[in-house]
Amino acid sequence: MASHVVGYPRMGPKRELKFALESFWDGKTSASALEVVAKELRASIWKQMVAAGVKLIPSNTFSYYDQVLDTTAMLGAVPPRYGFAGGEIGFDTYFSMARGNATLPAMEMTKWFDTNYHYIVPELGPEIKFAYSSHKAVAEYKEAKELGIDTVPVLVGPVSYLLLSKPAKGVAKTFNLLSLLGSILPIYKQVVSELKAAGATWVQFDEPSLVMDLEAHQLEAFSKAYSYLEASSLGVNLLVETYFADIPVETYKTITGLKGISAIGFDLIRGTKTLELIKEIGFPADKILFAGVVDGRNIWANDLAASLTLLEGLESIVGKDKLVVSTSCSLLHTAVDLENETKLDSEIKSWLAFAAQKLIEVDALAKALAGQKDEAFFAANASAQASRRASPRVTNEAVQKAAAALKTSDHRRATPVNIRLEQQQKKLNLPILPTTTIGSFPQTVELRRVRREYKINKISEEEYVSSIKEEIAKVVKLQEDLDIDVLVHGEPERNDMVEYFGEQLQGFAFTVNGWVQSYGSRCVKPPVIYGDVSRPKAMTVFWSKMAQSMTARPMKGMLTGPVTILNWSFVRNDQPRSETCMQIALSIKDEVEDLEAGGIQVIQIDEAALREGLPLRKSEHAYYLDWAVHGFRITNCGVQDTTQIHTHMCYSNFNDIIHSIIDMDADVITIENSRSDEKLLSVFREGVIYGAGIGPGVYDIHSPRIPSVEEIADRISKMLAVLETNILWVNPDCGLKTRKYTEVIPALTNVVAAAKLLRAQLASAK
């Protein structure tokens, strides 16, 4: 019985690729040094999979930034502004598309389906000339082959690539991206032919768009694509891999009927309804089913007995030689190796499996299905499952009772937002187009050293508080010198916007090396929510009160909202996510009210990940948005009308949930805008009335590029064309944690100058 893995984390167990990338970007190391680190990582991963017993090992899942950007490079689909003259795409062009450069903005970045991973959005139009411009897939297959390892090269499928793209600037928004299918298929055909010539017997096409609500012409595109590729793939097995959700009925019928493919992969963790389709409709006798039964998006150990039962049921439907045991999706979305967690509680550790352990689970299930069951391994797994179910540390009756009581109210603030804003303005006395930042300021090497030394008891609490106080004072003075209107304390005490809160809440556990790639070199370390959540004591009040005492200007209290904490954690899978969210909301509510009592007049509750958790199928949107928005309202329903509640959202397409954003009833929302061609503004052009304060971002903080005063002023002017002057705020897209002060100071100087320029123009117009 064969075993297979959809994909694997790229950063390395100790984030080796992250540090190599950042060293290269900073000009400290050469391109060849970066390539050496990358090659060593790839070899290590392939060898690890061989050792774990995986039979069908993926290649070309490594990336220096993003797999969709890699596909853009393969197709030569470089936007004209980067001046690409043809040939093989090098690092200069590749990283300019990803990150921008001194003179050019980066391409748009957005969420990869409903994950916290981000991809670089292709910009396409009718005039584009595709050309085979990156031979990475073939090169990496050959690289593995030289090590004696035969792999399954992985490509982003042609139809999903187009569906994940957007019309380039100047191209009509109605442009049919699928009309380009005929132009890219010859390149895919050439890649498959080269892989075949190199010895590949399998090629995997990732087509996650198949789980979406697709129209008939979109489904027809899949039929067209794989019929075309069939001719070039004689002797090569084509696997179409789907993941992240159920397959709709009509889509299931379409893909199981495709003539040009040998196998189909299904996510049977998040796609339990697909299992019903297999049972009811059947599965074609000429294809192999890749059963994704090991969860690629969470860190809980697989219930091996339950998975084996499921696999045995599938085997009775599809046949003994027609079933491959696989992961539900790429393991990119989980942490790398549990063996590196030497400080994790031993009982909780026994409940978990990271990517390295999931390789072993896949192999164990495949062998068990083939009659070679490792009884000791299965028994240890069953014991851990029972331990988790019975553990008293998982359940807190008082928390469950409080969360259940929330269902009796919708927790709306009694006073309408327009009246609240008037009362807040009397108290805050802000200018029109008030300026603010989103929360974090650059985290220097020295700052990280102070936090690290405090954590290992190398410095005292008194020394730590003194150092953090000094850093806050610098950030406050800098903002006053820049003449920013509503200040932040810069969050020097925080490692991560979710982990910082999770460390102070009960029901959370933490890893040392549980890093997961978010975008590029940026990694996050999601907390593990293993039990009921509660707040033992105040979490941020001490620092916020300290910061407010340093200035007469309003100082924002900075919190992470319950939906974002939920969506950016590894969440327990033994109760509905909505119940866990309500427990977190109650904890944040307590913190909000303590901040208000401490004299903080402006409180920001970030919900950066609210859109990210939206189910992929439209029929499930309303239910999710109902409990997610309710969770946010719970956090601030008890504050006075004069306390201004902000929220922040980043890097997603919000137009389709704008009415839910309005329903959150925040006083002010700051939101990503600058990197997405200001498409957020289109929703207001289409007639949506927004009465609360709003700050669409004017400065892309994920790029080292510093926007000019004129560029920022132009963005503000575009906003003023569709938004009322008295509700518009001026701010960056996101927090400044990942930037350097040499970038932040001139950029914020220009942000403030642009706001003042527009204020002067508005005053003179009167």
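1. Buried residues make up 63% of the 766 in this protein (buried means under 20% relative accessible area with a 1.4 Å probe, protein chains only). Keep in mind that this is a predicted model, where local features need pLDDT of at least 70, side-chain atom pairs count only at pLDDT 80 or more, and totals for chains, interfaces and linings use all residues. Residues are numbered from 1 along each chain as its sequence is written, and side-chain values use heavy atoms, with hydrogens and water left out.

2. The C-alpha trace spans about 75 × 60 × 50 Å along its principal axes.

3. The protein has 27 helices and 21 strands (DSSP runs numbered from the N terminus: H or I of at least four residues for helices, E of at least two for strands).

4. Have a look at helix α4, residues 91-99: 8 of its 9 residues are buried, among them Phe91, Tyr94, Phe95 and Arg99. The buried residues of α4 pack against α1, α2, α3 and β3. Just after α4, Gly100 takes a positive phi of about 75 degrees.

5. Then there's Gly695, in strand β21 (residues 693-696). Gly695 counts as buried because its relative accessibility is 0%. Leaving aside neighbours within four places in sequence, Gly695 is in contact with Ile669, Thr670, Ile671, Trp729 and Asn731 (contact means heavy atoms within 4.5 Å). Thr436 is 259 residues from Gly695 in sequence, with 9.1 Å between their C-alpha atoms.

Methods:
Buried < 20%, exposed > 50% of the residue type's maximum accessible area, 1.4 Å probe, protein only.
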